[in-house]
Amino acid sequence: MAYRNGQRLPLDDGGLGSGSGPTLRLSVNPRARRLSVRIDARAGEAVVIAPTERGLAQAVAFARSKSVWISERLAVRPKGRPLEPGQVISLRGRPVRLEATPGAGAARLVEDGTVIRSGGEGEAYARRVENLLKREARSTLLDRTDHHLRALGQAPVTVSIADTRSRWGSCSPHNRTIRYSWRVIMAPPPVIDYLAAHEVAHLVHADHSPAYWSVVERLVGDHKPWRKWLKDYGAALHAVGR
């Protein structure tokens, strides 16, 4: 069977892809050095990665050999947490309580940044809170990106804030653009700083070679704890507002 980039398949090779069981999403990444499988907790599926489309068949077989592990990981993924009054979320690693103020406009931080108050109801309320979080993310990530650009003697880049499905950031060295997930603003400051360093370092090395990681280390020191933090808690951040 020929597989293609972006195709979705049932984890159980006896299925036809129309059931309710776990799903595999096939992905071709030319920068990948080996076959791999990662869990996309937000989408509720496993992503099978191969360096070439030809390698997808082997990658699918590898993933299906790990079906028990994949099913267990998907079963324990965090449940969605809507942005609604009464919820407690994180902002730069600190707990923030969401409150409603009838008749108010845009969401705003109050009480020394420990409370977010907003008008609106239902989806309108959630949208205003999310917009505030995006503004906070843009401000902080622009600052940390500029800091690391200066440290490496790099020219300015275009920064955009998005809500990606699982990736925390991406860098396109050829057109000097960096894209971040706004959700990282919920992480502690060292994690946010690491993410900015991670993407800026790709302007020097587009891969994940030892030379690339040495640039990241030059910017933020030991990066392993922050990478592990995103691995351990990132799925919980992606569940916020779902």
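Pro210 and Arg218 are exposed residues of helix α5, and they sit on the face turned away from its buried side. Here buried stands for under 20% relative accessible area, exposed for over 50%, and partly exposed for values in between, using a 1.4 Å probe and protein chains only. The structure is a predicted model, in which local features need pLDDT of at least 70, side-chain atom pairs count only at pLDDT 80 or more, and totals for chains, interfaces and linings use all residues. Residues are numbered from 1 along each chain as its sequence is written, and side-chain values use heavy atoms, with hydrogens and water left out. Helices (H or I, at least four residues) and strands (E, at least two) are DSSP runs numbered from the N terminus.

**Helix α5**

- Helix α5 covers residues 210-220, and its buried residues are Tyr212, Trp213, Val215, Val216 and Leu219.
- These residues lie on the same side of α5 because they cover an arc of only 150° around the axis, the arc being that of the directions from the helix axis to the C-beta atoms.
- An α-helix has 3.6 residues a turn, so residues three or four places apart point the same way.
- The partners of the buried α5 residues are α3, α4 (189-201) and α6 (224-239), where contact means heavy atoms within 4.5 Å.

**Helix α4**

- The end C-alpha atoms of α4 are 18 Å apart, which agrees with the 18 Å that its 13 residues should span at 1.5 Å a residue. The expected span is 1.5 Å times one less than the number of residues in the helix.
- Of the 13 residues in α4, 11 are buried, so the helix is mostly covered.
- The buried residues of α4 include Tyr194, Ala197, His198 and Glu199.
- Buried residues of α4 pack against α3, β10, β11, α5 and α6.

- The axes of α4 and α5 are 9 Å apart, and the two helices pack at an angle of about 140°. Axes are lines fitted to C-alpha atoms, for helices over the stretch in contact, and angles between N-to-C directions run from 0 to 180 degrees.
- α4 and α5 are therefore oblique to each other. Angles under 35 degrees count as roughly parallel, over 145 as roughly antiparallel, 65 to 115 as roughly perpendicular, and the rest as oblique.
- The crossing of α4 past α5 is right-handed. Asp193, Tyr194, Ala197, His198 and Ala201 make the contact from α4, and Tyr212, Trp213, Val215, Val216, Leu219 and Val220 make it from α5. A crossing is right-handed if the near helix is turned clockwise from the far one by less than a right angle, and left-handed if anticlockwise.
- The axes of α4 and α6 cross at roughly 105° and come within 9 Å. The two helices are therefore roughly perpendicular.
- On the α4 side, Pro190, Val191 and Tyr194 meet Trp226, Arg227, Trp229 and Leu230 of α6.

**Helix α3**

- Helix α3 (residues 123-152) has 30 residues, and its first and last C-alpha atoms are 42 Å apart, close to the expected 44 Å.
- Among the buried residues of α3 are Tyr125, Val129, Leu132, Leu133 and Leu152.
- Gly153 follows α3 and has a positive phi near 70°.

**Ser118 in strand β8**

- Ser118 belongs to strand β8 (residues 115-118) and counts as buried, at 1% relative accessibility.
- The C-alpha atoms of Ser118 and Gly105 are separated by 6.4 Å, although the two residues are 13 apart along the chain.

**Loop residues**

- Asp222 is in the loop between α5 and α6 and is partly exposed, with a relative accessible area of 47%.
- Asp222 and Tyr194 are 28 residues apart along the chain, and their C-alpha atoms are separated by 9.6 Å.
- Asp112, in the loop between β7 (108-110) and β8, is not a glycine but has a positive phi of about 55°. Asp112 is exposed, with a relative accessible area of 75%.
- Arg176, in the loop between β10 (169-172) and β11 (177-181), has a positive phi near 55°. Arg176 is partly exposed, with a relative accessible area of 25%.
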